[in-house]
Amino acid sequence: MTSTALSHKPVRWGRVAVHLGCLAALLVMLYPLAWLLATSLKPADEVIASLNLLPGHLEWSNYSTALDGVNDVSIWRLLSNSLLIAGGAVLGNVLSCSLAAYAFARLRFRFRGPLFAFMIATIMLPHHAVLIPQYIIFNQLGLVNTYWPLILPKFLATEAFFVFLIVQFMRGLPRELEEAARIDGCGPFRSFFQVVLPLTRPALITTAIFTFIWTWNDFFTQLIYLFDPDKFTLTLALRSFVDASSTSAFGPMFALSVIALLPIVLFFLAFQRFLVEGMASSGVKG
């Protein structure tokens, strides 16, 4: 009787349609990645002339050319430059944004509300609106063609989105922990570093992940401030392939694009569990 009932269980076509729709959307989103991988193995004449996804034959020399670097700069130098800028940006954002968030979430001072609203309003400010004033300031300080314009602003809590993210997380932490620390003689800074900061790890890791990805993929800002090929990042090196030999270097350019994606993918896979936890916690608390 039970087996007969199970064999005639109605099919939920609505759920099947949802799963098929999600699968179709996944294929659409993954197609650019598949195209990039396939194109990185195509010969130069197939990159532009052929519309086929799969290459006629595998051109592994594209990767060997990409690994040789560009403009007499090795790929390891380009990779180290990218890691230096991204690592400095992560450190600056995590430290400065968490300090600013602690002030807005826990401390009491005059005009806290208007200042927090003004900070949130800066999220709507286009990056290009402040780029020219920033360039003038760094140029007068003699910091153009160095990494400081790409790292130093991160230590000034200029990313309002991350400040807001951490504020929302801190508002959900019990104040009793800080009150107990205050009774034990802890001041604001000691309470922040020893009590609050360890508890905000999910939000801090979320900040680190987004900062790393956005900084690693930032092309325009690096193009404005960096002139010396020895200081180029992997992102700027991609443009050098086209400038050097036009269409003949498209294969190595796509191969270098695949190589440039690997650190982002590995970084995301290593911390994706904390990313989901941090976004969920910051969204429901406070």
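**Notes on the model**

1. Lys154 is found in the loop between α8 (148-151) and α9 (160-170), the helices (H or I, at least four residues) and strands (E, at least two) being DSSP runs numbered from the N terminus. Leaving aside residues up to four places away in sequence, Lys154 touches Ala89, Gly92, Asn93, Ser96 and Glu159, a contact being heavy atoms within 4.5 Å.

2. On the basis of the coordinates, this is a predicted model, in which local features need pLDDT of at least 70 and side-chain atom pairs count only at pLDDT 80 or more, while totals for chains, interfaces and linings use all residues. Residues are numbered from 1 along each chain as its sequence is written, and side-chain values use heavy atoms, with hydrogens and water left out.

3. As to confidence, the mean pLDDT of the chain is 84, and 90% of its residues reach 70 or more, pLDDT being the predictor's confidence in each residue, from 0 to 100. Among the elements of the chain, the lowest mean pLDDT, 51, belongs to helix α1 (residues 2-7), and the highest, 95, to α8.

4. On overall composition, the chain has 15 helices and zero strands, and buried residues make up 40% of its 286 residues. Among contacts in the chain between residues at least 6 apart in sequence, 72% join residues at least 24 apart.

5. One of the contact partners of Lys154 is Ala89, which lies in helix α5 (residues 75-106) and is buried, with a relative accessible area of 0%. Not counting residues up to four places away in sequence, Ala89 touches Ile151, Lys154, Thr211 and Thr215. The C-alpha atoms of Ala89 and Trp214 are separated by 9.7 Å, although these residues are 125 residues apart along the chain.

6. How do the axes of helix α11 (residues 188-199) and helix α12 (residues 201-217) cross? They come within 5 Å and cross at roughly 70 degrees, axes being lines fitted to C-alpha atoms, for helices over the stretch in contact, with angles that run from 0 to 180 degrees between N-to-C directions. The two helices are therefore roughly perpendicular to each other, on a scale where angles under 35 degrees count as roughly parallel, over 145 as roughly antiparallel, 65 to 115 as roughly perpendicular and the rest as oblique. Leu197, Pro198 and Leu199 of α11 and Arg201, Pro202 and Leu204 of α12 make the contact. These residues divide into five nonpolar, no polar and one charged, with Ala, Val, Leu, Ile, Met, Phe, Trp, Tyr, Cys and Pro taken as nonpolar, Asp, Glu, Lys and Arg as charged, and the others, Gly among them, as polar.

7. Most residues other than glycine have a negative phi. Asn145, found in the loop between α7 (127-140) and α8, has a positive phi of about 70 degrees although it is not a glycine. Ala157, in the loop between α8 and α9, likewise is not a glycine and has a positive phi of about 55 degrees; at 23% relative accessibility, Ala157 counts as partly exposed.

8. On the cysteines, Cys97 is buried, with a relative accessible area of 0%, and Cys186 counts as buried at 13% relative accessibility. The count of disulfides comes to zero, a disulfide being a pair of cysteine sulfur atoms within 2.5 Å.

Conventions. Buried < 20%, exposed > 50% of the residue type's maximum accessible area, 1.4 Å probe, protein only.
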